[in-house]
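Student: I would like to examine a structure with you, one local feature at a time. Please show it, and let us begin with a single residue.

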Amino acid sequence: MGEHMNKFLINNTLFKRILVTFLIILTFICLVEFTKNIPLYGDKVVYDYSLNGPSGVFAGKNDRYYIIDGGRKTVLSIDSEDRIYEYIKGGSDKPDAKFYYASDLCDDDSGNLYIADVIYGGKGTLVKSERISKLEDYGRGKKTLIYEKLYSDEDFAPMQYGNIKSLDEKDGMLIFSFITDNGFAINSINLKTNEISSIPYEFTKKISAIAVDTNTMEIAVSTKTGEIVSFTKEGQKTLLAENKNQIPWKLQYVQGLVYYSELNSQSIQMISPYGVSSEIMNSDNILQTVSLSHTKLYSTDNNGVYIFNLQNKEIKEIINYKVRITPNSLFAWFSFLEIILVFIYLLIKLIKVIISFSKKEMFERTVLVILVSIISTSLASYIILSATISSQNTDIINRLNVFGDILSSSIDIQALEEIKETSQYDSSSYNEIKSSLDNLTKISYENQAYYYYIIYKGDQKYIYGLMDYEDTMTSYHPFYLMDDNNIYTQVLNNNEEVEVKNDISSYGAWSFVLKPVQNSQGQAIGILEVGTSLDQYKESQNKLIWNIILNALSSSVVLLMLMIELVFYFSKDKEIKLLSIKSLNIDKKALIGSYPVRTFAFVTFFVDCMQDAFIAILLFKIYEPIMGIPKSIGVALPMTLQLFAAAFFSLVGASIINKVGFKKTLISGFVFQFSGFLVCAITGTYYGLLVGKLLIGAGSGIVMITINTIAAISDEETAAKTFSDINAGILSGVTVGVGLGSLILSVSTYRSIYITGAIFVALMLIRSFYCIDYTYVTKKVKANGMNFIKFFKNKEVFTFLVFILFPFLVSISYREYFFPLYAEQSGISEVDIGRIYLWCGLLVIYSGPIISKILMKRFGSKNTVIISSALACCAIIMPVIDPSLSIAIIGVILLSISTSFGYAAQSTYFASLPSTELYGESKSMSIYSVFDNGGQTLGPVVYGFALIFGRQMGLLGIGLAIFALLLLFVALNMKGSEKDD
C-alpha cells in the first residue's frame with residue numbers, strides 16, 4: 001500500500017486524468033442545467049425534508065402548492081407529485097436574498113411565484129417595510145421587486161405580520177388586500193405596466209383575515225370577535241356569520257363560498273352567501289389555514305400539511321417531503337466532489353514542497369512558529385466565542401425574568417378571571433389588562449429592549465391566548481391542545497416557571513420565559529409569556545462569530561506573510577554580510593543587487609496600504625467644502641498630493657542617487673515617510689492628512705526610484721529577477737498592509753494605524769544605515785547620442801508611457817478611491833473592505849508570478865502588457881453593466897489579478913526597449929516613475945471628477961477612454977509584436 005501511495009505522490013498523471021474527467025462531467029451537467037430545466041431520474045430522491053413549523057400552505061396553479069416553513073424564513077415550492085421543486089431560503093434583507101419573513105404567496109399560469117414578506121427594522125417585531133416580489137420558474141428563477149411599502153413613523157408601523165392580508169393573481173393583475181387606518185383597501189397591480197389602483201373600504205372592527213373572490217372581486221372579512229362579513233365590489237356589507245363561540249381565522253373566497261379555518265372545532269368550514277355553514281374536514285389538531293385549488297383543499301396545523309381531495313373526500317397528511325434529484329443537486333454534488341479532489345491534489349503538492357524544504361533550519365523554525373500561532377489563535381478564538389455567546393444567552397434569560405416579574409405584578413387578576421370567551425376581545429376587562437402591559441412593553445422598546453408578552457389561560461381542552469403586545473390574536477385564541485407533554489400545560493399544572501433559550505416555531509425564532517399568573521390563593525390561573533425575537537440576537541452573534549473567525553484567519557495570514565518576508569530578509573541579510581567581508585574584491589553591481597530591495601518595497605507599500613480600506617471614507621467624513629471644490633474632488637486631493645509628491649520626488653531621487661549614492665537616498669526617503677505618518681497620527685484633521693500624505697508620498701517616491709534603479713543597472717537576467725523581487729515585495733506589502741490595517745481598525749482607531757506605520761518605517765530607517773554605500777555613475781552617452789526629446793519621441797517609449805502605463809495607473813484608483821466609498825454606501829465597513837483587499841491580495845500574490853511567467857513566456861512582455869490593460873478596462877466597465885456590490889467586488893479581484901502580472905510585465909517591457917539602455921537606466925526609470933506616479937496621482941482626481949456626472953456615467957467614461965488608448969497602442973505597435981522579448 002505504501003509503495004503504491006509513494007508512486008502516486010511521485011507521478012500523479014492518473015489523478016490529473018480523473019480530475020479532467022470530472023471537469024468534463026461537470027461541463028455536461030452545466031449544459032443540461034442551462035438548456036433543460038428538467039429533473040434527472042425523476043423517481044429517485046436525495047433525502048427527506050422534515051417540516052419545521054409550517055405557518056402557511058397555499059394552493060397554486062398547475063396542480064402545485066407552496067409552504068411557508070422554518071419560522072417564515074423558508075418557502076417550499078412543491079410540484080404535482082408532492083416533491084420539493086425548489087427550496088427557497090429567506091430570512092435576510094440582503095439584495096441577493098429572495099425574501100425576509102414570508103407572509104403570503106400566490107403564483108400565475110406562467111410559473112411566476114409572488115411572495116409577500118415583511119422586513120423588521122432591528123427593533124423587535126416592528127416592521128420596517130412590506131414587499132411583494134416575483135420569482136420566476138416557480139421560485140427557482142430571477143427575483144423582481146413588484147411592490148414595497150416603507151414605514152418611517154414607528155408609531156404607525158405594523159408589528160410582526162404587516163398589513164398585507166391576502167395575495168392573488170388573476171389575468172395579469174396582482175390583487176392584494178391591505179389594512180388601513182379606517183378599514184382596508186383592495187389594491188391591484190398591472191403586471192405589464194406596473195400601474196397600481198386601490199379601492200378603499202371602511203370597517204371599524206379589528207380584522208383577522210381578508211379574502212378576495214378574484215372572479216367577482218367580492219371580499220370576505222373575518223373579525224377578532226368571531227364574525228364573517230362579505231363586501232360587494234361597491235362596498236355593500238352582509239353579515240354571514242355572527243360570533244357563536246367560533247374563531248374563523250384564515251379565509252378563502254371562491255365562487256361566492258367562503259371557506260375558513262375554525263380554531264375551536266379544529267376544522268375547515270364553508271359558509272354560503274345565505275349564512276348556511278357546513279364542515280368540510282376536521283383534524284385532531286388545530287387547523288390554522290385554508291387554501292383551495294380546483295380539486296384540493298390545503299391546510300396546516302403548524303406541524304404537517306393536510307391535503308383534502310374535494311372529489312373523493314380523502315385526507316392526506318404530509319410531514320416529510322421528498323427532494324428529487326435535479327441538475328442543480330447533481331451539479332452541487334459533483335462540484336463538492338471536485339473540490340475534495342482539488343484539495344487532495346493541492347495537499348499533495350504542498351506535501352512535496354514541505355518535503356523539499358524540510359531539511360532547512362529556517363524553514364523548520366518558520367513552520368513551528370506558524371503552527372503555534374494558528375493553534376493558539378484558534379484556541380483563543382474558540383474560548384472567547386463560547387464564553388461570549390454563553391454570557392449573552394444567560395443575560396437574555398435574566399433580563400426576561402426581571403421584565404416578566406414587573407409585568408406579573410401589574411396584571412389585574414380579577415379582570416383576567418372575567419375574560420372567558422372570544423366576544424370579550426376589546427372589552428373593558430381586556431383593555432384594562434392590556435393597556436397596562438402595553439405601556440410597560442413600550443417603555444422597553446424606548447430603552448432598546450424589544451420584548452413581547454402573551455397571556456394564556458387553559459381549560460380541559462386548550463391552552464388559549466388572551467392578548468399579546470403585537471395584537472395578532474383574539475381574546476380566547478386556542479394555541480395548543482392541553483397535553484401533559486406541553487410546557488404550557490406543565491406551567492399551569494405544576495405552578496412553576498419555565499425558561500426556553502431557543503425555540504423555532506411557525507412564528508419565528510424566540511427566547512422566552514413562562515411564568516404562572518397566580519390568584520390570591522397561589523393557584524395558577526394563567527400563564528405570562530415574556531420573550532424576545534432571537535433572530536436579531538442570532539444575527540449579532542453570527543456577525544460576532546464571523547468577525548472572530550475572519551480576524552483569526554486574517555491574523556494567521558498576516559503572520560504567515562510577515563514570517564515569509566522575515567525569512568527572505570534574513571537570508572538576504574546573511575548574503576550581504578558575507579559579501580561585505582570581501583567587499584574589496586567584489587563586483588559593485590553584485591553588491592548593489594544583493595541589497596534587500598524586496599524588504600524595502602514591502603515595507604514602503606505595507607505601511608501605506610494599511611490605510612487603503614478607510615482613507616477615502618475618512619476624508620469623505622471630515623472634508624468640508626473649500627473654495628467651492630466639490631466633495632468628490634476634495635476627498636481625492638490628499639491622495640492625489642501623495643502620489644504627486646511620489647512622482648516629483650522620483651525625479652529628485654534620481655538626481656540624488658548620482659550625487660550622494662544609494663544609502664543616503666534611502667535614508668532621506670524613510671525620513672520623509674516617518675515624518676508623514678507622525679503628522680497623520682498626531683493631527684487627524686483634513687489639513688493634517690493633506691500634509692502627512694504629502695510627506696509619505698515624497699518618501700515612497702525616493703525609496704522606490706532608488707530600488708528600481710538598483711534593478712535597472714544590472715544585466716538583463718539579474719534585472720528581471722530583481723524586478724520580480726520588487727514586484728513580489730509590493731504585492732506582499734499591499735496584502736499584509738490591508739490585512740493588518742483591518743485588524744487594527746477592528747479593535748482601535750485610525751491613529752493607531754498611522755502610529756504602527758511610523759514604527760515600521762523607523763525600523764527600515766535604522767536598517768538603511770547599515771547598507772553598504774555606493775554611488776552610481778550614469779553611462780556616458782554614445783556618439784550617436786540619446787537626449788530626453790529623442791528618447792521620449794521614440795514611438796515605442798511614447799506609446800507605452802502615454803497609452804499604456806499612465807492610463808493603467810489611473811485605473812488603479814478604482815480600488816483606492818471608488819470602491820471604498822461605494823462599498824461603505826452599500827453597508828460594508830472599513831474592516832470588511834480591508835478583508836476583501838486581503839483575500840484579493842492572497843489570491844493574486846501567489847497566482848501572479850505563475851500567471852506572469854506563463855503569459856510572458858507564451859505571449860511576450862508586450863502582449864502581456866496589453867492583456868493586463870484589457871483586464872483593467874473590464875474591471876471598470878463591469879459595474880456599469882451591472883451596478884451591484886458583488887460585481888464591484890469582482891472588479892476589485894480582476895484589477896488585482898491585472899496588477900499582479902501587469903507591473904512586472906510593464907517594467908520588463910520598458911527596461912528591454914533599446915532606447916532605455918541608450919538613454920541610461922537611471923534616467924529612463926526616473927521617467928518611468930514619473931508616468932507611474934503621475935497616473936496614480938491623477939487617478940483619484942479623474943475618478944472624483946468623473947463621479948460628478950454620476951457613478952455609472954463616470955465609470956463608463958473612464959473605462960472607454962482607457963480602452964481607446966489601449967487600441968491606439970496596439971494599432972501603432974502592430975509590427976514587432978514578438979512572442980518573446
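Student: Is R72 buried or exposed?

Tutor: This is a predicted model, in which local features need pLDDT of at least 70 and side-chain atom pairs count only at pLDDT 80 or more, while totals for chains, interfaces and linings use all residues. Side-chain values use heavy atoms, with hydrogens and water left out, and residues are numbered from 1 along each chain as its sequence is written. Buried means under 20% relative accessible area, exposed over 50%, and partly exposed in between, with a 1.4 Å probe and protein chains only. The relative accessibility of R72 is 1%, so this residue counts as buried.

Student: Where does R72 lie, and what is its phi?

Tutor: R72 is found in the loop between β3 and β4; strands (E, at least two residues) and helices (H or I, at least four) are DSSP runs, numbered from the N terminus. Most residues other than glycine have a negative phi. R72 is not a glycine, yet its phi is positive, near 70°.

Student: Which residue in the turn between β3 and β4 also has a stated positive phi?

Tutor: The two strands form a hairpin with four residues between them. In that turn, a positive phi of about 60° belongs to G70.

Student: How many bridges pair β3 with β4, and what is the partner of D69?

Tutor: Two strands pair if DSSP finds at least two bridges between them. Strand β4 covers residues 74–78 and runs antiparallel to β3, with five bridges. Within β4, D69 has as its bridge partner T74.

Student: Which residue of β3 is the bridge partner of G56?

Tutor: Strand β2, residues 56–59, is joined to β3 by four bridges in an antiparallel arrangement. The hairpin of β2 and β3 has five residues between the strands, and N62 there takes a positive phi near 60°. In β3, the partner of G56 is I68.

Student: Why is β3 described as largely enclosed?

Tutor: One side of the strand presents Y65, I67 and D69, the other Y66 and I68, and these are all buried, so that both faces are covered. Strand β3 spans residues 65–69, and it is largely enclosed by the rest of the structure because the number of its five residues that are buried is five.

Student: What is the relative accessible area of Y138?

Tutor: Y138 belongs to the loop between β8 (127–135) and β9. Although Y138 is not a glycine, its phi is positive, at about 55°. Y138 is buried, and its relative accessible area is 12%.

Student: In the sheet β10-β11-β12-β13, which residue of β13 is the bridge partner of S188?

Tutor: The four strands form an open sheet with antiparallel pairing, and its edge strands are β10 (164–170) and β13 (196–202). Seven bridges join β12 (residues 183–190) to β13. The partner of S188 in β13 is S197.

Student: Are α18 and α21 roughly parallel or roughly antiparallel?

Tutor: Helix α18 (residues 795–811) packs against helix α21 (residues 885–912) with the axes 12 Å apart and at an angle of about 155°. Axes are lines fitted to C-alpha atoms, for helices over the stretch in contact, and angles run from 0 to 180 degrees between N-to-C directions. Angles under 35 degrees count as roughly parallel, over 145 as roughly antiparallel, 65 to 115 as roughly perpendicular and the rest as oblique. The two helices are therefore roughly antiparallel.

Student: Which residues does S868 touch, leaving aside those up to four places away in sequence?

Tutor: S868 lies in helix α20, residues 830–881, and is buried, with a relative accessible area of 0%. Contact means heavy atoms within 4.5 Å. On that criterion, S868 touches F808, S898, F901, G902 and Q906.
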